[in-house]
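Hi,

Here's the structure I promised to pass on. Have a look at it first, and then read my notes below.

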Amino acid sequence: MKTIHLLAAASIAVASGLGATRAHADELTLCWAAWDPANALIELSKDFEQKSGHKMSFEFVPWPNFADRMLNELNSGGQLCDLMIGDSQWIGLGAEAGHYVKLNDFFAAEGISMDDFIPATVTGYAEWPKGTPNYWALPAFGDVVGWTYRKDWFERPELRAEFKEKYGRELEAPNTLAELKDIAEFFQGREIDGKTVYGAAIYTERGSEGITMGVTNALYNFGFEYDDPENPYHLDGFVNSPEAVAGLEFYKQLYDCCTPPGSSDWYMSENIDAYKSGQVALQMNFAFIWPGVNADPNVGGERSGYFPNPAGPGGHFAQLGGQGISVVSYSDSKDAALEYIKWFAQPEIQSRWWDLGGYSALRAVVEDPGFATSQPYAQTFLDSMAIVKDFWAEPAYASLLLSMQERVHNYVIAGQGTAQEALDALVADWVEVFEDEGKL
C-alpha cells in the first residue's frame with residue numbers, strides 16, 4: 001500500500017507540470033560535500049534537467065572544509081546556493097536562523113509524507129524542534145558509521161585456527177566492541193603476504209568533526225547520554241557518567257593498541273586509503289564508502305565484508321551521518337528549487353538514486369523485498385540505520401562540536417589527563433554554551 005501511495009503521488013507530481021518544459025528556465029545551484037555520492041547526484045539530476053528545463057550547477061566542498069564554507073555562506077545570507085544538502089547537525093541552526101525554508105505547506109500541497117521515509121532520517125535530517133512535525137528538509141542521503149573488514153583475511157585457515165586457539169571463538173565479524181578490539185589486536189603488526197598490517201583505521205581527525213563522529217560509536221554503547229532525558233540540557237552525570245568515562249577509555253585503548261602508525265589525524269579519506277591499500281583489517285567509516293569498496297580492484301567483491309557498529313555493555317547504537325536537502329531562504333529561485341525536491345522525492349528517482357550509489361531514505365526503496373540482497377552491504381545498511389543516534393542539532397552545534405573535538409582529541413590522541421577530566425571539562429564547556437543560549 002505504501003508503494004502504491006507513493007507512485008500515485010509521483011503521478012500527480014508529473015501531471016502538475018514537472019514533466020513539461022517551462023517557458024522560463026532557472027539555473028539552480030546545489031551545494032553539498034565533495035565525495036562520491038555527489039558525483040552520483042550529478043548523474044541523477046540530468047533527469048531533472050531534461051524534465052523541468054532548469055539547469056543544474058553544483059558547488060561541492062571537501063568534507064574538512066564543508067562546514068566552515070557552507071555555514072559561512074548561510075550566516076552571511078549568501079545567494080550562492082539555491083539548494084543545500086546540509087549536515088544533519090545543522091538543522092536547528094538552519095531553522096532558527098531562517099536559513100532554510102519551512103517545507104510543511106509544500107509537502108502537504110504535493111502529497112509528500114514524512115511517514116514514507118525511514119523514521120530516523122526524518123528525525124535526524126528534517127525535524128526541528130526534534131520530535132515535532134516541523135520540517136526544514138527532505139531526507140536526502142541516509143548514512144551511518146559502520147565497519148568494513150578484510151573478509152579474505154578472516155577466511156584464511158591458519159589465521160582462523162590461531163585466533164580460535166587464542167580467543168576461544170571463530171574469527172568472524174564482531175558482535176561486541178570487546179570482540180572488535182580482540183580482532184584488531186590480533187591483526188596489529190601481523191605480516192600478511194609479506195607486508196606488515198594493522199588492526200583498525202578509526203576516526204581521529206581534530207580539525208572538523210572526525211574524532212567526535214568516531215568516539216560516539218563507543219560512548220553511546222557504554223551508556224553516554226547527551227543530557228538527562230527527563231531534564232533537557234542537564235548534562236552533569238550523563239555526559240560524564242562512569243559509563244561514558246569507560247567508553248572514552250575504550251576508544252583510547254583501541255587507538256593505542258590497534259591503529260597504524262601516523263594515524264593521529266585521520267578521517268574518512270585517510271581510512272579509505274588505508275583500507276584499500278591493504279594496511280588494516282578493519283575500517284571504521286560512513287556507509288557511503290561501501291559501493292566504492294565493493295568495486296575496488298584490490299579489496300572489492302568477496303574480499304570485503306561489512307558489519308554494523310558493534311554493541312557495548314550499555315547499549316547498541318551507531319553514529320548517524322547523512323543529510324537532508326533544503327531550500328535556502330536567500331535563493332531567488334525558490335519555486336524551481338521546490339520543483340527539484342518534488343522530483344527528488346519520487347519513488348522511481350529514489351530507486352535510481354540507490355542504483356547509482358546514493359543511499360535512499362525512502363521506505364518504498366529500502367523496504368522492497370529485494371533491497372537487502374541488492375548489494376553485499378545493503379543488509380548492513382538496514383541494520384545500521386535501525387540503531388542510529390546523532391550529535392547535537394542545536395543552533396549552537398558548531399560551538400558544541402569544537403569543544404568535543406578539543407577535549408576528546410587531547411585525551412585520546414595526545415594523552416592529556418584522564419577520561420573523567422576530559423568529560424568533566426566538556427560538561428563545563430557545554431554548560432557555558434547553553435547558558436549563553438539562555439537554555440540553562
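**What turned up**

Let's start with a cysteine: Cys 257 has 23% relative accessibility, so it counts as partly exposed. Keep in mind as you read that this is a predicted model.

Cys 257 is bonded to Cys 258, with the two sulfur atoms 1.9 Å apart. Cys 258 itself is buried, because its relative accessibility is 0%. The torsion about their S-S bond is about -90°, so this disulfide is left-handed.

How many disulfides does the structure hold? Two. In case the term is new to you, a disulfide is a covalent bond between the sulfur atoms of two cysteines. The other pair is Cys 31 and Cys 81, with sulfur atoms 2.0 Å apart. Their link is left-handed too, with -90° about the S-S bond. Cys 31 sits in strand E1 (residues 27-33), while Cys 81 is in the loop between helix H3 (63-75) and strand E3 (83-87), so the bond ties together parts that are 50 residues apart in sequence. Both ends are buried: Cys 31 has a relative accessibility of 0%, and Cys 81 has 1%. If you number the bonded cysteines in sequence order, the pairing reads 1-2, 3-4.

Most residues other than glycine have a negative phi, and most peptide bonds are trans. Now look at these:

- Trp 128 and Pro 129 are joined by a cis peptide bond, with omega about -5°. Pro 129 lies in the loop between helix H6 (119-125) and strand E4 (138-150).
- Asp 193 isn't a glycine, yet its phi is positive, about 55°. You'll find Asp 193 in the loop between strands E5 (191-192) and E6 (195-196), and at 63% relative accessibility it is exposed.
- Tyr 233 isn't a glycine either, and its phi is about 75°. Tyr 233 is in the loop between helix H10 (210-222) and helix H11 (242-258), but it counts as buried, at 18% relative accessibility.

Last one: Gln 323, in strand E10 (residues 318-327). Is Gln 323 buried or exposed? Buried, with a relative accessible area of 1%. Leaving out residues up to four places away in sequence, Gln 323 touches several others, including Trp 35, Trp 63, Asp 87 and Tyr 125. Its side chain also makes a polar contact with the side chain of Trp 32, at 3.1 Å. And although Gln 323 and Leu 138 are 185 residues apart along the chain, their C-alpha atoms are separated by 8.7 Å.

Cheers

Note on methods
Residues are numbered from 1 along each chain as its sequence is written. This is a predicted model: local features need pLDDT of at least 70, side-chain atom pairs count only at pLDDT 80 or more; totals for chains, interfaces and linings use all residues. Side-chain values use heavy atoms; hydrogens and water are left out. Helices (H or I, at least four residues) and strands (E, at least two) are DSSP runs, numbered from the N terminus. Buried means under 20% relative accessible area, exposed over 50%, partly exposed in between (1.4 Å probe, protein chains only). Contact means heavy atoms within 4.5 Å. A polar contact is a pair of N or O atoms within 3.5 Å; within protein, one must be able to donate a hydrogen and the other to accept it, and residues adjacent in sequence count only if both atoms are side-chain atoms. A disulfide is a pair of cysteine sulfur atoms within 2.5 Å.
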